[in-house]
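Reader: Please take me through one part of this model in close detail. I would like the strand pairing first, then whatever surrounds it.

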Amino acid sequence: MSDRTGERRNVLKIIVLLKRVPDTEAKILINQEGTGIREDGVKFVINPYDEYAIEEGLLMKEKIGGDSKVTVVCVGPEEATEVIRTALAMGADDAVHIADGALSSPGPFTTAAILAKAIRDEGFGVIFCGKQAIDDDMAQVHCILAEMLDVPQVSVATTFELSGDATKAIVGRRIEGGDEKVETSLPAVVSCDKGLNDPRYASLPGIMKAKKKEIRKKSLADLGFSEVPGGGRSRILKWLPLPKGGECRMIEAEETSDAVRELVRLLREEAKVI
């Protein structure tokens, strides 16, 4: 039995989207030109929400067994190879890395169009990804991707239950005031939230095996693009640092009433907010 992508139903082709982002503990500074961040000295890692996607893909592969396969797909610079290797060390089988000099800072539409073409070439039964990237927080790529692939999407998943024949899934989501369960047919795009699972660490044997796993490098031309897709849809005009916070002043007084009077004076005369 086959599905719309040509995959047998007892074999699930699992795609996991991955993005390279600055470490959450890194000190982010805007470069002098205002075109991006200063990358010197900044450690880059797998987008934390993507780790839940990787783990869920691995869990699905282990549940189904057989010839099921987890393929990581990443649009990013050559340096993204390092984080792709980490995903392979966690247990992913192989990877597709789309790197092209023309993709200096692709927007959501551009990224989704490139991913859609690469994923169609690979074939897919389910696509897992993080609910958003922690660098730009746009949370748009997976939505646009689902539309381009003409498949259902379920966002911010906190549970994922695959049917016995791998033709549908029950996805749990947190909503205000409770939980929601959604049934979706497969193929589908599922974005993953914290709490879906506990991502595994890359083991030493996994790290050694990852060195031999295939990363298929592709350019825009390899995917059939003669120019950057959707390049004019939107663009970042300038990056700006956060405004500096105000200073903190402590008011010392023996009596509370004296402290209140001084606070009111400062708010009126110096802060000029009253």
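Author: Val-171 has Val-182 in β9 as its bridge partner. Strands here are DSSP runs of E with at least two residues, helices are runs of H or I with at least four, and both are numbered from the N terminus. Two strands pair if DSSP finds at least two bridges between them. Strand β8 covers residues 168–175 and pairs with β9 in the antiparallel sense over eight bridges. Arg-174 stands opposite Asp-179 in β9. The hairpin of β8 and β9 has two residues between the strands. Gly-177 takes a positive phi there, near 90°.

This is a predicted model, where local features need pLDDT of at least 70, side-chain atom pairs count only at pLDDT 80 or more, and totals for chains, interfaces and linings use all residues. Residues are numbered from 1 along each chain as its sequence is written, and side-chain values use heavy atoms, with hydrogens and water left out.

Now the other neighbour of β8. β7 and β8 pair in the antiparallel sense, over five bridges. Leu-162 has Ala-169 in β8 as its bridge partner. Five residues lie between the strands of this hairpin. Ala-166 takes a positive phi in it, near 60°.

Rings of Phe, Tyr and Trp (its six-membered ring) pair if their centres lie within 6.5 Å; planes under 30 degrees apart count as stacked, over 60 as edge-to-face and the rest as tilted. The centres of Phe-128 and Phe-160 are 5.0 Å apart and the planes stand at 75°, so the pair is edge-to-face.

Next, the whole sheet. It is open and has nine strands, in the order β9-β8-β7-β10-β6-β1-β4-β5-β11. The pairing is mixed. β9 (178–185) and β11 (215–218) stand at the edges with a single partner strand each, so one side of each is left without a neighbour in the sheet. From one strand to the next, the twist averages 35°. Axes are lines fitted to C-alpha atoms, for helices over the stretch in contact, and angles run from 0 to 180 degrees between N-to-C directions.

Helix α3 (residues 108–122) packs on the sheet. It touches β1 (13–18), β4 (69–75), β5 (94–98), β6 (126–130) and β11. Contact means heavy atoms within 4.5 Å. The direction of α3 makes about 150° with that of β4.

Two loops complete the picture. Pro-187 is found in the loop between β9 and β10 (189–192). Asp-137 is found in the loop between β6 and α4 (141–149). Phi of Asp-137 is near 55°, a positive value in a residue other than glycine.
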